[in-house]
Amino acid sequence: MTHDDPTPPPSSSRPLLEICDLNLDFGTPRGRIHALRNVSLDVPAAQVVGIVGESGSGKSTLAYTVMGLLAENADVTAGSILFEGRDLLTMTAQGRRSLLGDRLSMIFQDPMTALNPVRTIESQMIDIQHHEQGSRSEKRARAVDMLHRVGIPDPKNRLGAYPHQFSGGMRQRVCIAMALLVKPALLVADEPTTALDATLEVQIIHLLKDLQKEIGCSILFVSHHLGAVAELCDRVAVMYAGEVVEQGAVRDIFRNPAHPYTRALLECDPGRIRKSTRTLPTIPGEVPSLLGAKVGCIFRTRCQHAFDRCVQENPVEYRIGVDQVARCHLLGQERLVSA
Amino acid sequence: MVSFEADTPEINDAIDTGAFGAFLRQLCKNRLGTLGGVLVVLIAAIAVLAPLIVTHDPIQIMVGPRLAAPSLDFLLGTDQLGRDTFSRVIMGGRIPLLVAFASLGGALAVGVVLGLIAGFGPRWLDNLLLLIFDTIRSFPSIIFALAIIALLGPSLVNIILVIAITCMPGYARVARTQAQALQSSEYIAAERSMGAGTTRILAVHVLPNVIGPLVILVSMDVPAVIATSAGLSFLGMGVRPPTPDWGAILNDGYSYINQTPWIVIAGGIPIILATLGFTFLGEALRDMFDPKLRKDL
């Protein structure tokens, strides 16, 4: 736990996005589902932060909360989301909308459904720039330029096409072009490569990385693919059942996972298995129901190392190394971050 | 996805040669659709150019003898007041067509707006609007029309109003269902993520997706409305005499069906032709736009 920190030391200025102690419930006929519990996460300026976890861990819910796209039955019960120092959760709908598509933009999971099928790419890309100055032809020129940068061949002629005339990978490129066209400070990418095949996934990841460096924006990258996160992200947060169980610099988390869930997740990644095996490892058990109040560590039912304390008490964040925290009682001997 | 891939050359073609040209070529492949289209264009042209076609003043009584048989002077004979039936038939198409387009246009406009509000609005508003739609639809339309006209008195505006009210809920329900399906679609979320307001989303993104099926629905409703309009006239609840109208001609003629059957025939055939024409056209449009019914792709 004592190795050189490869990432630049965290700057003293505030992070671009600060999620503090966020709690979110979904009201359902069967009761309240505590979909996010005590989630704290920072996205520093010009950095890529990954969120990983299995299905239903609350990754996408977190992304949707930041963008204000939650369903009507969602209810933020505590916490704040500070973007450039202003709380997104308390500002007016009008104020929030003026940030969307200007300082904040988003890429969605399924490029097949993220574009309006009855409108041309051109009209959608010009519409996107409604916060920007400039004439229609200037906006069109910007759209052509951005399509060119995301690798759409012959963008001038493709601009008039409809979404169905593009393949899946091309559509995701168009979606990325649209999201970056507004030069956002923060791009929220909700599993942007999940619906694509493996070769395309690598291309899209590299494209995102290049454009992120070029534009200098931050990215909140939601994925269940550890390889994609390792490739693209500077920092990573591991989510399990609505909690961030561990977070830190990508290199620390991947080399030195502290939480048993992170370790299990890494062991299940086919890309990291050295010896040839006929069966892929899995994490036994399933994600617990999030209905009702929970006491104790949420991962204890699947954890090999669970002991008495895990049942009685919610683990707090323990600091490991310089820039890595994990919620696990096994780390109780380490220095306490918060009590 | 397979169907999308298969559509691509067809749609490329449509874009290259102009969407309307491709639409006409597609329509010509369907024989009944072509026949329907020709009939509709012909009937519409006759209605528009009617004053130039008529051989006599259609409301002038005693231009000839009463109940005269067809002759060169009176192509379809005369009615019991000595009016020229041919001229009345030619002019008589204007009222049903006007009723059809005005009432269905109004019903479409109001129905789409209410349907989108129901689909995107709060749950209570949705339920309230649905209750209203279903209440209107639960009446048989001709009975509902008779009740309203008995209340308000027969006039062209009232007929249009009544038919618009009875047709509106059907369009509103289709628009509502489509809007609800779209509301959870990712590109609407994408649009919201870009800061678009609800009004903008509805007008720019939902409306174009909803309007296609509705236009087909309207074209299939035109014959029903022409029949209703004629039916109301026949029952004496339509336009007031002496305005020429197909239904009114039937009403005038049926008392003399034994002596002079040509009056009823002259009034009935245009109703049949118009109804058939719009039905064929509507069905062809439905087949063209419904991918499940496309055979040639």
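In this predicted model, 16 residues of chain B are in contact with 21 residues of chain A, two residues being in contact if their C-beta atoms, placed from the backbone, lie within 7 Å. Helix H1 (2–17), helix H9 (186–193) and helix H10 (198–234) of chain B are the elements that give two or more residues to the side of chain B that touches chain A. Of these, H9(B) gives the most, with six residues. The side of chain B that touches chain A comprises six nonpolar, seven polar and three charged residues; Ala, Val, Leu, Ile, Met, Phe, Trp, Tyr, Cys and Pro count as nonpolar, Asp, Glu, Lys and Arg as charged, and the others, Gly among them, as polar.

Local features are reported at pLDDT of at least 70 and side-chain atom pairs at pLDDT 80 or more, whereas totals for chains, interfaces and linings use all residues. Residues are numbered from 1 along each chain as its sequence is written, with chains lettered from A and ligands numbered from 1 in the order in which they are written.

In chain A, UniProt places the feature "domain: ABC transporter" (unreviewed entry) at residues 17–266; such annotations may be inferred rather than shown by experiment. Over residues 17–266, chain A is 38% helix and 28% strand, and the end C-alpha atoms are 27 Å apart. Helices (H or I, at least four residues) and strands (E, at least two) are DSSP runs, numbered from the N terminus.

Strand E8 (residues 218–222) of chain A is mostly covered, with five of its five residues buried, that is, with 20 or more other C-beta atoms within 10 Å of their own; 12 or fewer makes a residue exposed, and values in between partly exposed. A:Ser218, A:Leu220 and A:Val222 are buried on one side of E8(A), and A:Ile219 and A:Phe221 on the other. In a regular strand the side chains alternate between the two faces of the sheet.

| Partner of E8(A) | Sense | Bridges |
|---|---|---|
| E3(A), residues 48–52 | parallel | four bridges |
| E7(A), residues 186–190 | parallel | five bridges |

A:Ile219 stands opposite A:Val48 and is also the bridge partner of A:Leu187. E7(A), helix H7 (residues 198–215) of chain A and E8(A) form a right-handed β-α-β unit: with the strands pointing away from the viewer, the path from the first strand over the helix to the second runs clockwise.

A:Asp308 belongs to helix H11 (residues 308–312) of chain A. A:Asp308 is exposed because 9 other C-beta atoms lie within 10 Å. Its C-alpha atom is separated by 35 Å from that of A:Val43, 265 residues apart along the chain.

Definitions and conventions: Two strands pair if DSSP finds at least two bridges between them.
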